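Student: I have a model open and would like to learn how to read it feature by feature. Could you take me through it, with the general idea before each case?

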Amino acid sequence: MNDDAYRDLVPFYGLLDPREDHAEEAAVWGEALAARVETSAPTLLELGAGAGNNAWYLGARFRCTLVDISDAMLEISRRQNPECRHVVADMRTVTLNQTFSVVFAHDALSHMVDRQDVAAVVATAHRHLDVGGTLLLAPDCFDDGFDDMVEYIERDEETAALRGVAWSRRTGPNRAETDYALLYRKGSEVCPVHVRHPEALHARATWCELVEAAGFEVILMPREQPPGYAAHTLMCRKIR
């Protein structure tokens, strides 16, 4: 994972990943997390927050700090989440010298391609939570249950549009790749873009093993997803 991973997608990221697509899932997560937090002023640290689409919804319940390695992606979030604190840092190593009610990680987990990367993210979460604090991990896919998939993209705004395909496929043990082949139109100009993202495929049992080893209790929370995507999120409580 590096800070250039999404740079070519930033100009049209709102078309590629509309904020509205996160509303339903963020509402489910927000309710589940709020039920586990007792303080009247809950705080949330999101690791790999990207454009801040989840934070736009979760910010109604939590005071949010958003960490991402890409300043270009965080700039999108700064515009739509000006009330949030934004920190440019690697989610595997960041240390903010404070604790939060909740630590949350979602899309960026797909870039944790090595077991050591997952362990490092979990360690980051652990040092930013008090005992009893909550960690929510929502990997897009698990190795078990993953299927190659194709998503066709067709989205329009008043002066811009996006057409393309996202093709995800297994490339080896614990590995997948997603190729984005896109045509972005702004005004009358059309720009072709191809981006390839290496992605992680860890078994659900691997996630549970690493989280439990770090000192968390894990509950698997069902998640409505299309075939091939992860059918559970990991709702975790720090117990030591």
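Tutor: Gladly, and keep in mind that this is a predicted model. Let's begin with helix α2, residues 23-34, and a length check: at 1.5 Å a residue, its 12 residues should span 16 Å. The end C-alpha atoms of α2 are 16 Å apart, which agrees with that expectation.

Student: Which residues of α2 are buried?

Tutor: First the general idea: an α-helix has 3.6 residues a turn, so residues three or four places apart point the same way. In α2 the buried residues are Ala26, Trp29, Gly30, Ala32 and Leu33.

Student: And what do the buried residues of α2 pack against?

Tutor: They pack against helix α3 (53-58) and against strands β1, β4, β5, β10 and β11.

Student: How should I think about a nonpolar core?

Tutor: In soluble globular proteins, nonpolar side chains tend to be buried together. Here the largest nonpolar core has 31 residues, and Leu47, Leu137 and Leu234 touch the most other members. Elements that each supply at least two residues of this core are the strands β1 (43-47), β4 (100-105), β5 (129-137), β10 (216-222) and β11 (232-238), along with the helices α5 (115-127) and α6 (204-213).

Student: Which residues does leucine 137 touch, if I leave out those up to four places away in sequence?

Tutor: Leucine 137 touches Ala105, Leu109, Val122, Trp207, Val211, Thr233 and Leu234. Two of these names come back when you look at helix α6, whose buried residues are Thr206, Trp207, Cys208, Leu210 and Val211. The cover over the buried residues of α6 includes α5, β5, β10 and β11.

Student: What follows α6?

Tutor: Glycine 215 follows α6, and its phi is positive, near 110°.

Student: Is alanine 160 buried or exposed?

Tutor: Alanine 160, in strand β7, is buried, with a relative accessible area of 5%. Beyond neighbours within four places in sequence, alanine 160 contacts Leu15, Tyr184, Arg185 and Lys186. For a sense of distance, alanine 160 and tryptophan 207 are 47 residues apart in sequence and 40 Å apart in space, C-alpha to C-alpha.

Student: How many salt bridges does a search of the whole structure find?

Tutor: The search finds 17 salt bridges. One of them joins the side chains of arginine 155 and aspartate 21, at 3.6 Å from N to O. Arginine 155 lies in strand β6 (residues 149-156) and aspartate 21 in the loop between α1 (13-16) and α2, so the pair ties together parts that are 134 residues apart in sequence.

Student: What links helix α5 to helix α6?

Tutor: Arginine 115 forms a salt bridge with glutamate 209, and the closest N and O atoms are 2.4 Å apart. Arginine 115 is in α5 and glutamate 209 in α6, 94 residues apart. Both ends count as partly exposed: arginine 115 at 38% relative accessibility and glutamate 209 at 41%.

Student: And which residues are joined into one salt-bridge network?

Tutor: Arg169, Glu177, Asp179 and Arg196, through salt bridges that share partners. Arginine 155 also forms a salt bridge with glutamate 151, the closest N and O atoms being 3.9 Å apart. Glutamate 151 is partly exposed, with a relative accessible area of 38%.

Methods:
Residues are numbered from 1 along each chain as its sequence is written. This is a predicted model: local features need pLDDT of at least 70, side-chain atom pairs count only at pLDDT 80 or more; totals for chains, interfaces and linings use all residues. Side-chain values use heavy atoms; hydrogens and water are left out. A nonpolar core is a set of buried Ala, Val, Leu, Ile, Met, Phe, Trp, Tyr and Cys residues joined through side-chain atoms within 4.5 Å. Buried means under 20% relative accessible area, exposed over 50%, partly exposed in between (1.4 Å probe, protein chains only). Helices (H or I, at least four residues) and strands (E, at least two) are DSSP runs, numbered from the N terminus. Contact means heavy atoms within 4.5 Å. The expected span of a helix is 1.5 Å times one less than its number of residues. A salt bridge is a side-chain nitrogen of Lys or Arg within 4 Å of a carboxyl oxygen of Asp or Glu.
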